[in-house]
Amino acid sequence: MYQKTQLAWAIWGILAWLSTFVVIGLVLLGANVGVIAFGAILLAVAVAFYGLTIKVDTEQQQLSWWFGPKIAKKTIHFDDIDEVRAVTNSFRHGIGIRISHDGWVYSASGFKAVEVSMSDGTKYRLGTSDQAGLLEAMKAKVKHDNEEKGA
């Protein structure tokens, strides 16, 4: 079994920057309900999106991924996967959960990702700091460049 959590440094950086406004608001306005509520929202986002965990369970034949304490958890069976390949995300893919022309993107930070193509045509790009390890765990579904070229 493979399981790896990539910490969301980019999200933490944005939240740290936003939290400076909470501190400034507390200094200027005191214990204002709006400032405290904004701070609570930032804290909730920090807990919910502290990192992206990817799990490959070879016994159950499943690939799962989720943010933080199992927020937006997705599980797919190996039988539903057509191929898995290494890809590189760009700035337009962003961080968090989003849909792009490349399919669903789940990313915490960085640009390395693994693209999972499903039998129904759906694609998922899973951001990871351990691209080689994830590909090794999913080796039965990995499409190699040599296969594409017919070599």
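Predicted model: local features only at pLDDT ≥ 70, side-chain atom pairs only at ≥ 80, totals over all residues.
1. A search of the whole structure finds 5 salt bridges. In one of them the side chains of Glu115 and Arg85 meet, with an N to O distance of 3.0 Å; this pair links distant parts of the chain, since Glu115 belongs to strand S8 and Arg85 to strand S5 (residues 81–88), 30 residues apart. Glu115 counts as buried, at 2% relative accessibility, whereas Arg85, at 29%, counts as partly exposed.

2. Arg125 meets Asp102 in a salt bridge of 3.9 Å, N to O. Asp102 lies in the loop between S6 and strand S7 (103–107) and Arg125 in strand S9, so the pair ties together parts that are 23 residues apart in sequence. Asp102 counts as buried because its relative accessibility is 15%, below the 20% limit, and Arg125, at 7%, also counts as buried.

3. Arg125 also forms a salt bridge with Glu115 (3.5 Å, N to O), and both of these residues are buried. Salt bridges that share partners join Arg85, Arg92, Asp102, Glu115 and Arg125 into one network.

4. Arg98 is found in strand S6 (residues 96–100) and is partly exposed, at 36% relative accessibility. Leaving aside neighbours within four places in sequence, its contacts are Arg92, His93, Gly103, Trp104 and Val105. The C-alpha atoms of Arg98 and Arg125 are separated by 10.0 Å, although the two residues are 27 residues apart along the chain.

5. On the surface, Asp79, Asp80, Asp82 and Asp120 gather in a patch of negative charge. Asp120 sits in the loop between strand S8 (112–118) and strand S9 (123–127), and is exposed, with a relative accessible area of 64%.

How values were computed. Residues numbered from 1 in each chain as written. Heavy atoms only, no water. Patch = residues over 30% accessible without salt bridge, like charges linked within 9 Å, V, L, I, M, F, W, Y side chains within 5 Å. Areas by Shrake-Rupley, 256 points an atom, 1.4 Å probe, with all protein chains shown as cover. Salt bridge = Lys/Arg side-chain N within 4 Å of Asp/Glu carboxyl O. Lys, Arg positive; Asp, Glu negative; His and termini not counted. Charge placed at Lys NZ, Arg CZ, Asp CG, Glu CD. Helix = DSSP H or I, 4+ residues; strand = E, 2+ residues; numbered from the N terminus. Buried < 20%, exposed > 50% of the residue type's maximum accessible area, 1.4 Å probe, protein only. Contact = heavy atoms within 4.5 Å.
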